[in-house]
Amino acid sequence: MDFQLTAEEKAHRKEFFDVCKELEKKRPPSFVGLEAVFEVDECWDFHLYCAKEFAKRGWLALAWPPEYGGSGTMMDKVLFAEARGYHGIPGVDIFGVQMLAPTVLQAANEAVKKEFLPPIARGEVMWCELWSEPNAGSDLATLSTTAIKKGDEYIINGQKTWNTAAHRADWGFGVFKTDPAGKKHHNMTFLLLDMKTPGITVRPIPYIDGDAPFAEVYFDDVHVPAKNIVGQENEGWAVVNLLAGFERSGMSEIMSMFRELEEIVKYCNETKRNGKPLARDPLVRNRVAQLACELEAARTIAYRIADLQNRNEMALMDAAAAKIFYSELGQRFAFVATDIAGPFGQVKRSRWAAADGAWEKAFQECFVTIISMGTNEIQRNIISWYGLGLPRMK
């Protein structure tokens, strides 16, 4: 198996890294973790600035068909994610660019493509995902928020929760029950809606540390044009499964861990304990080396996912496997970093804080990726059922 990039891919990768390196110089000091984008105004402004910089280069439409303004391949998209992850640069809307756009390209009608894709490519509209509900998380098919069709529009009532960046988003996409008496998995519809529509209320959900990247969204007779449908009415579950497979390589998260690994190594070289650098402690060296090995494996998996996507061969189980591996590796990174730092790994934003408090924050937030985008327990079920052919639980 040849793991080498082509000359063209290497040139693209260098350009992505060069641009992101320059953008990093403009990153606000308050930018600690990508979720700061949703929490701090100056970080959100930086996100929008980066989006415009990427848009003018056509990088928000990588791997799109040329007729919709796209260019490049799925590998280019992954190499771009490498650069952004390593330098800690936002600017790519997780929901609009990474999730919704490829779903619209495959499942929406031409009118929806022409209306919604150009603003995403130009970095003008930011999106949120209206997915989970208080009683419908891992089993999304049990959702109860309704969208009843009346004439040429749907009227939505109900509640969604754990909606990342809903308070920042211009538009949202989600699934809603459109046939309350219909059969499970064939009674919901995938809709797009303006978050400024009357009847929508967004309430932040604060973390234990005071940050609030998530929100709950309430719908009270919210009118949405029927033309804002992706896929077919009552067949939104098929669109949900389609969307779940996009951008699951996790390359951005993986490359942010490469940068973190460099910080851990630097900390171990510069920090002495009992008169010796931590880097000379064999137990510390072993733990850091283990992270480095797993990180290389994660990057290889991400490249494999990109190759499968390029050839339209990626299965749902492939996306599930990648998500499990990089999310649980992120948790191990947070645990090892704070453990090595000892009491200093528990300090937030002070001269005593290790890595400027980044490890303390990572420790508190590392559970998020394991739960979001479908819990890892659910991902293991997907691998069992769709990959290994094991029987479903009764």
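Student: Where is Asn-228 found?

Tutor: Asn-228 sits in the loop between strand S7 (214-225) and strand S8 (229-230). Helices (H or I, at least four residues) and strands (E, at least two) are DSSP runs, numbered from the N terminus. This is a predicted model, in which local features need pLDDT of at least 70, side-chain atom pairs count only at pLDDT 80 or more, and totals for chains, interfaces and linings use all residues. Residues are numbered from 1 along each chain as its sequence is written, and side-chain values use heavy atoms, with hydrogens and water left out.

Student: Is Asn-228 buried or exposed?

Tutor: Asn-228 counts as buried because its relative accessible area is 2%. Buried means under 20% relative accessible area, exposed over 50%, and partly exposed in between (1.4 Å probe, protein chains only). The areas come from the Shrake-Rupley method with a 1.4 Å probe, and for residues only the protein chains shown count as cover.

Student: What joins the side chains of Asn-228 and Lys-227?

Tutor: A polar contact of 3.4 Å. The term covers a pair of N or O atoms within 3.5 Å; within protein, one must be able to donate a hydrogen and the other to accept it, and residues adjacent in sequence count only if both atoms are side-chain atoms.

Student: Now charges. How many salt bridges does the structure hold?

Tutor: It holds 19. A salt bridge here is a side-chain nitrogen of Lys or Arg within 4 Å of a carboxyl oxygen of Asp or Glu.

Student: Which side chain does Lys-14 meet in a salt bridge?

Tutor: Asp-18, with an N to O distance of 2.8 Å. Both residues lie in helix H1 (residues 7-24), 4 residues apart, about one turn of the helix. Lys-14 is exposed because its relative accessible area is 53%, while Asp-18 is partly exposed because its figure is 37%.

Student: Which residue forms a salt bridge with Glu-365?

Tutor: Lys-361, the closest N and O atoms being 2.8 Å apart. Glu-365 and Lys-361 are both buried.

Student: And what does Glu-53 meet in a salt bridge?

Tutor: The side chain of Lys-56, at 3.2 Å, N to O. Glu-53 is buried because its relative accessibility is 15%, whereas Lys-56 is exposed because its relative accessible area is 59%.

Student: Which residues are linked in a network of salt bridges?

Tutor: Arg-13, Glu-82, Glu-296 and Arg-299.

Student: Which residues form the negative surface patch?

Tutor: Glu-262, Glu-263, Glu-270 and Asp-356. Patches are made of residues with over 30% relative accessible area and no salt bridge; like charges are joined within 9 Å, and nonpolar side chains (Val, Leu, Ile, Met, Phe, Trp, Tyr) within 5 Å. Lys and Arg count as positive and Asp and Glu as negative; His and the chain ends are not counted. The place of a charge is taken as NZ of Lys, CZ of Arg, CG of Asp or CD of Glu.

Student: Where is the place of Glu-263?

Tutor: Helix H8 (residues 251-270). Glu-263 counts as partly exposed because its relative accessibility is 36%.

Student: Backbone next. What is phi of Trp-162?

Tutor: Near 55°, a positive value in a residue other than glycine. Most residues other than glycine have a negative phi. Trp-162 is in the loop between strand S3 (153-160) and strand S4 (171-177), and it is exposed because its relative accessible area is 52%.

Student: What about phi of Ala-63?

Tutor: Ala-63 has a positive phi of about 75° although it is not a glycine. This residue lies in the loop between helix H3 (41-55) and helix H4 (74-87). At 30% relative accessibility, Ala-63 is counted as partly exposed.
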